[in-house]
Amino acid sequence: MTFRSRAFSGVQPTGNLHLGNYLGAVSRWVPVQDQMETIFCVVDLHAITASFPDPGELQAATREVTAAYIAAGIDPKKSIIFNQSQVPAHSELAWIFNCVARIGWMNRMTQFKDKAGKNRENASLGLLAYPSLMAADILAYKATHVPVGDDQKQHLELTRDIAAKFNNDFAAQVKELGVGVPNPTPSPELPEELFFPMTEPMIAGPATRIMSLRDGTKKMSKSDPSDLSRINLIDDEDTISKKIRKAKTDPEALPSEVDGLAGRPEAGNLVGIYAALAEKTKDEVLQEFGGRQFSEFKPALADLAVAKLTPMTSEMRRYKEEPAEIDSILKDGAERAAAIAEPILKDVRKIIGFLDVR
Ligand code: TYM
């Protein structure tokens, strides 16, 4: 027996989805649907860690992220699409992982430090424990692959640390209960049989880290106060073109090779965006545009972005009129997700030794 190949990923329903979420994550999930079983979650439990959003807005954002998944090409028949709060296994396993993970591990998370800011004592306990909920999302399905952007790398390393500690701490029970799988890559750090897989991150391509259009050293983010810093998936044609036209650049022409982008973060970012949208490498883009000025490159990028994004936007708008359709997709997804997670949680309870009286 081996772990079944299964991909899991998610996006928080907080604010508008932007080009970084699309190119770094959602668009890259589409081909994975034909490679393995796929589960895509709208992580609403994560969306309350910074502060509780307005309830109506949380619901709207949950439907909007779902619509974006579908508009981007996630097929609810091939993939499981659901919102996290509907499958209690996530919260239950997260609690258990809170008792596996160490406070020191959480304190090292750079995203916690960034999000908590200066007044760390005043951050919610949920914000600190956030990565252990993320590990639970993944491991409640024994997911083997997680396609995400570069900013999630540290959280995925922590997921592996949690899986390793659980596998080690409970190795004897796992063996005794016969619920393990032979470790596919034997190593002295792990027992011969694993309960949880050592999940592989899938972080690749030209768009793992899309930067702000106003500052090439800052990540494109939902929380940036300047709307000009990002392209939102719901932006219309004119807004997309305007934001690209106003994007910060330097006065040089584009280089002919990728090496020439070193020290030019804004140029590197726009070339990366073009490459990801055109499904080309940065090298191929520079072969075409090397030696040309931004005054020529930006209109080409704007045309490409509009051509790629606006069909999705109109599909998302259509779904906005059909909330019942979205809700029924999420309901079906939650049932299918729970059917996978529940038996795994049942084993976890047995392994730990919770008395089962029902
Ligand atoms: P979130 O909601 O912040 O972002 C969703 C996805 O978008 C990617 N992303 C980017 N990629 C490239 N460039 C950017 N500027 C950019 N900004 C965001 C993120 O890497 C992510 O893949 N904790 C996660 C959600 C989560 C999750 C999980 C993901 C919860 N549980 C389990 C995978 C597996 C988050 O807050 O992503």
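Okay, let's start with helix 10 and helix 12. On the helix 10 side, the residues making contact are Ala267, Leu270, Val271, Ile273, Tyr274, Leu277 and Ala278. They meet Phe294, Phe297, Lys298, Ala300, Leu301, Leu304, Ala305, Lys308 and Leu309 of helix 12. By class, that's 14 nonpolar residues, two charged and no polar ones. Just so everyone knows, this is a predicted model.

As for how those two sit together, helix 10 covers residues 265–278 and helix 12 covers 294–320, and they pack at about 40° with axes 10 Å apart. The crossing there is left-handed.

Now over to helix 6, residues 125–139, and helix 7, residues 153–169. Their axes are 9 Å apart and the packing angle is about 70°, which means helix 6 is roughly perpendicular to helix 7. This crossing is right-handed.

So who touches whom? From helix 6 we have Tyr130, Pro131, Ser132, Met134, Ala135, Ile138 and Leu139, and they meet His155, Leu156, Leu158, Thr159, Ile162 and Ala163 from helix 7. Ten of the residues in this contact are nonpolar and three are polar, with no charged ones.

Okay, on to the ligand. It has 28 residues around it, and the ones that come nearest are Gln12, Tyr130, Asp137, Asp151 and Ile210. You'll remember Tyr130 from the helix 6 contact with helix 7.

Which polar atoms sit by ligand nitrogens? Asp137 has a polar side-chain atom 2.6 Å from a ligand nitrogen. Gln152 also puts a polar side-chain atom by a ligand nitrogen, at 3.2 Å. With Ile210, it's a polar backbone atom, 2.8 Å from a nitrogen of the ligand.

Definitions and conventions:
Residues numbered from 1 in each chain as written. Predicted model: local features only at pLDDT ≥ 70, side-chain atom pairs only at ≥ 80, totals over all residues. Heavy atoms only, no water. Axes fitted to C-alpha atoms, helices over the stretch in contact; angles between N-to-C directions. Helix = DSSP H or I, 4+ residues; strand = E, 2+ residues; numbered from the N terminus. Parallel < 35°, antiparallel > 145°, perpendicular 65-115°, else oblique. Left-handed = near helix turned anticlockwise from the far one by under 90°. Contact = heavy atoms within 4.5 Å. Nonpolar A, V, L, I, M, F, W, Y, C, P; charged D, E, K, R; others polar. Near = heavy atom within 4 Å. Polar contact = N/O pair within 3.5 Å; in protein donor to acceptor, adjacent residues only side chain to side chain.
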